Amino acid sequence: MKIGILGGGQLGRMLIQSALKYDDEFYTLDPASDAPCHNISYFTQGNFNDYETVLNFGKDKDVVTIEIEHVNADALAELEKQGIRVVPNANIIKTIQQKILQKEFYKTHDIPSPEFQVVWNSDEKIIMPLPFVQKMNTGGYDGKGVQVIKTEDDYQNLWKEASVIESLVDIDKELSVIVARNERGETNTFPVTEMVADPKLNLLDFNVCPVLLTEDVQLQIDSITEKFLSTINSPGLFAIELFLDKEGKVWVNETAPRLHNSGHQSQEGNTNSQFEQMYRVVKNLPLADTDAITYSGMLNLVGAEGYEGKVVYEGMDEVLKLPETYIHLYGKTETKPGRKMGHINVLADSREELMEKLVMVKGMVRVIAE
């Protein structure tokens, strides 16, 4: 099967790496000539936001999927009309890539998400009480396009673009659950993970699985995933990012219609990884089991402050000596501050041991430049 992927980044790279044990051809489209997928797929350099480029890329493929949601969904809709399978479908990509439509989707389907106000331009009066979160309607990911407005002085920092103004949740934990649905209507859900963010970069720092949750919290998450899977009307793999507030209420923060950083530890920590599951969804195969094998965690390898240029990984030799520790690099030759360059997965027999190992490994590695 000819499988086209819009985006040639690390998510596409790891999907292809996982699927090399099967017999398919992978084609990728990315604006960067040295994108992580450029040397492990049939690679096209081009803009995945351009209508004609996406249309021409997809027209001879059996199926087209994405590894980034900021793509031309209108071109994907046209490909669907021409009989090309698109996973997830163009409609759900268009809904999720616009924060306003995404929030209205949750409201329509009674999926709990923080109170919000839509602001189309800077002239509109904001009625949401302080503090609140501003999320740009389009283009934001990895902490970009999101800011917290805490005081009246912060109003001067408001973006003028169309946005969602959202009430600020008193967060106890940030959680993620990755769900899958194939065209047969079969669904499966990975165990919930806890995301621990780097407060400076606003990027995922650690990801931990499984999470100790009360029965009530787990039931709330189960209800959210069931509603989501029953209403999206599309095959796909989706990462639902959640807030657990200090009152024990679960809220949906946002959803990614693709593979996700919060599922990386599944490569060694689960019976099957999110990448295996995504491959099966794309091919409309029976879904894989996703049970956690043991305690697993992931830490991102991110470019250090003050370093830009050809990447050097300090401390890797020592990490490679550690048991149940797995390095995944993304094939990016150039580093810069805050850039995701790879990740390390760790297994352990308890949460306490896992956190100790993650902190230890983080202290052993630095991503610098020559």
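Start with the largest cavity. Its lining is made up of Ser-176, Val-177, Ile-178, Phe-190, Pro-191, Thr-193, Cys-209, Ser-262, Gly-263, Gln-265 and Asn-270. Keep in mind that this is a predicted model. The volume of this largest cavity is about 50 Å³. Which strand gives the most to its lining? Strand β10, residues 171-181, with three residues. Sort the lining by class and you get five nonpolar and six polar residues, with no charged ones.

How many cavities of 30 Å³ or more does a search of the whole structure find? Two. Around it sit Ile-92, Thr-95, Ile-96, Gln-102, Phe-105, Tyr-106 and Phe-228. Two elements, α4 and α5 (99-108), each give two or more residues to that lining. By class, the second largest cavity is lined by five nonpolar and two polar residues, and again no charged residue.

Now the helix, α3, residues 73-81. Its buried residues are Ala-73, Ala-75, Leu-76 and Leu-79. Why do they fall on the same side of α3? Because they cover an arc of only 155° around the axis. What covers them? The list includes β1 (2-6), α2 (51-58), β4 (63-66), β5 (85-87) and α4 (90-97).

Last, the two ends of α3. At the start, Asn-72 places a side-chain oxygen within 3.1 Å of the backbone nitrogen of Asp-74. Just after the helix comes Gly-83, with a positive phi of about 95°.

That's my tour. Over to you.

Technical notes
Residues numbered from 1 in each chain as written. Predicted model: local features only at pLDDT ≥ 70, side-chain atom pairs only at ≥ 80, totals over all residues. Heavy atoms only, no water. Buried < 20%, exposed > 50% of the residue type's maximum accessible area, 1.4 Å probe, protein only. Helix = DSSP H or I, 4+ residues; strand = E, 2+ residues; numbered from the N terminus. Arc of directions from axis to C-beta. Contact = heavy atoms within 4.5 Å. Polar contact = N/O pair within 3.5 Å; in protein donor to acceptor, adjacent residues only side chain to side chain. 1 Å grid on protein atoms, 1.4 Å probe; cavity = no way out; pocket = protein on both sides within 12 Å on 5 of 7 lines; lining within 4 Å. Points joined across faces, edges and corners; volume = space filled by probe spheres on them. Nonpolar A, V, L, I, M, F, W, Y, C, P; charged D, E, K, R; others polar.
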